[in-house]
Amino acid sequence: MEIKKKHIAILGSTGSIGVQSLEVINAHPNRFVVEVLTANNNSDLLISQARKYKPNIVVIANDNKYKEVNDALFDLGIKVFSGQKSLEEVVENENIDVVLTALVGYSGLKPTIKAIKSGKNIALANKETLVVAGDLVTKLCHQYGTQISPVDSEHSAIFQCLVGEGFNPIEKIYLTASGGPFRGRVREELLNITKEQALKHPNWDMGAKITIDSATMMNKGLEVIEAKWLFNLKPEQIDVVVHPQSIVHSAVQFTDGSVIAQLGVPDMKLPIQYALGFPERLENNFKRFSFLDYPELTFEEPDFETFKNLSLAYSTMKKGGNTPCVLNAANEIVVDAFLNDKVGFLYMSDVIENCIEKITFVKNPTLEDYIQTDLETRILAKELL
Ligand code: MG
């Protein structure tokens with residue numbers, strides 16, 4: 001029997017997750033078809049991807065690169081659009097089955113909301129969307145009957161642990177963290193960290209923003225908030241456990257005390273494939289995990305003193321409202337500043353904390369409130385720098 005292929009839109013196809021998603025799709029040509037590819041700026045890679053995968057539509061966010069992309073794809077009959085608005089509108093296309101959101105940061109929010117409202121299933125690689133507006137996004141998913149499959153490896157692990165559990169309640173979840181390149185160090189040792197040092201992650205090969213977030217442990221903080229919304233948890237049900245080998249990708253503890261974990265070598269292609277193929281597990285030739293290669297799997301408590309971002313994430317999650325949106329916007333500004341050598345490693349969390357204190361609290365924000373909060377926080381964070 002012929003299986004109907006899933007038509008995929010990849011938002012952010014030239015980033016790390018986007019590129020790996022195309023590798024997954026390439027390995028399963030009888031299951032997936034690329035319908036839409038989008039990129040911010042990287043026209044060269046976007047053009048070569050489009051020539052290889054022949055999507056129906058391509059969007060380049062940077063308007064200045066429209067002509068270059070359009071000229072390069074003209075002979076293939078691919079429709080080319082440009083600009084931020086096109087990025088938001090393209091997800092409404094009726095041919096799309098799944099929208100994989102691999103955009104970086106806050107920029108993923110509006111396209112994801114549009115996709116949900118168009119009834120598209122979401123493969124979510126953009127955790128910031130749920131951090132900023134988890135309340136709104138999850139409500140919309142209920143309203144429009146949309147399913148979110150997480151691509152983040154930890155959340156994919158939890159998602160996989162929950163399959164077949166029906167309504168069995170979760171007692172708590174364990175989000176594992178590699179601890180990043182500076183695990184085990186104290187604050188004084190992090191004073192003069194350079195971006196080159198911070199960009200060297202021990203286990204995962206990722207984009208620049210998320211790699212810095214891993215070094216500061218903000219990534220884990222954002223993931224804690226992401227998990228709260230994805231799995232409808234209370235803050236006290238989410239524990240972070242440092243696990244330097246990145247083999248146990250996360251675990252769920254049920255009310256009978258049983259703990260189910262998902263294991264594998266650190267490779268994003270597996271969670272990407274699971275999100276795209278869900279509920280099916282597709283055969284592949286990715287590297288297999290062997291227990292004997294890892295005779296010692298170790299676990300430790302996170303250091304909330306040194307990695308203040310993790311404490312900030314927990315406190316903003318507990319406070320709720322627009323506070324996580326402030327956390328995220330301030331973080332995006334300081335990470336960008338750090339990557340441009342404009343702020344010291346430890347000072348990043350001070351700026352974020354300052355923004356959380358100063359931005360006006362909104363208890364039940366609308367989308368407009370989130371947009372406003374994001375804007376105000378960015379201005380304030382830049383002033384504080
Ligand atoms: Mg992750």
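Mentor: Glu-353 forms a salt bridge with Lys-308, with 3.3 Å between the closest N and O atoms. This is a predicted model, in which local features need pLDDT of at least 70 and side-chain atom pairs count only at pLDDT 80 or more, while totals for chains, interfaces and linings use all residues. Residues are numbered from 1 along each chain as its sequence is written, and side-chain values use heavy atoms, with hydrogens and water left out.

Domain 2 covers 155-319 and domain 3 covers 320-385, bounds that come from an automatic or database domain assignment. Their centres, taken over C-alpha atoms, are 23 Å apart. In the contact (heavy atoms within 4.5 Å), domain 2 takes part with 26 residues and domain 3 with 21 residues.

About 2,000 Å² is buried between domain 2 and domain 3, and carbon and sulfur atoms give 70% of that area. Buried area here is the accessible area (1.4 Å probe) that two parts lose on being put together, summed over both. Of the area that domain 2 buries against domain 3, Lys-195, Thr-316 and Lys-319 supply 28%, more than any other three residues.

Definitions and conventions
Salt bridge = Lys/Arg side-chain N within 4 Å of Asp/Glu carboxyl O.
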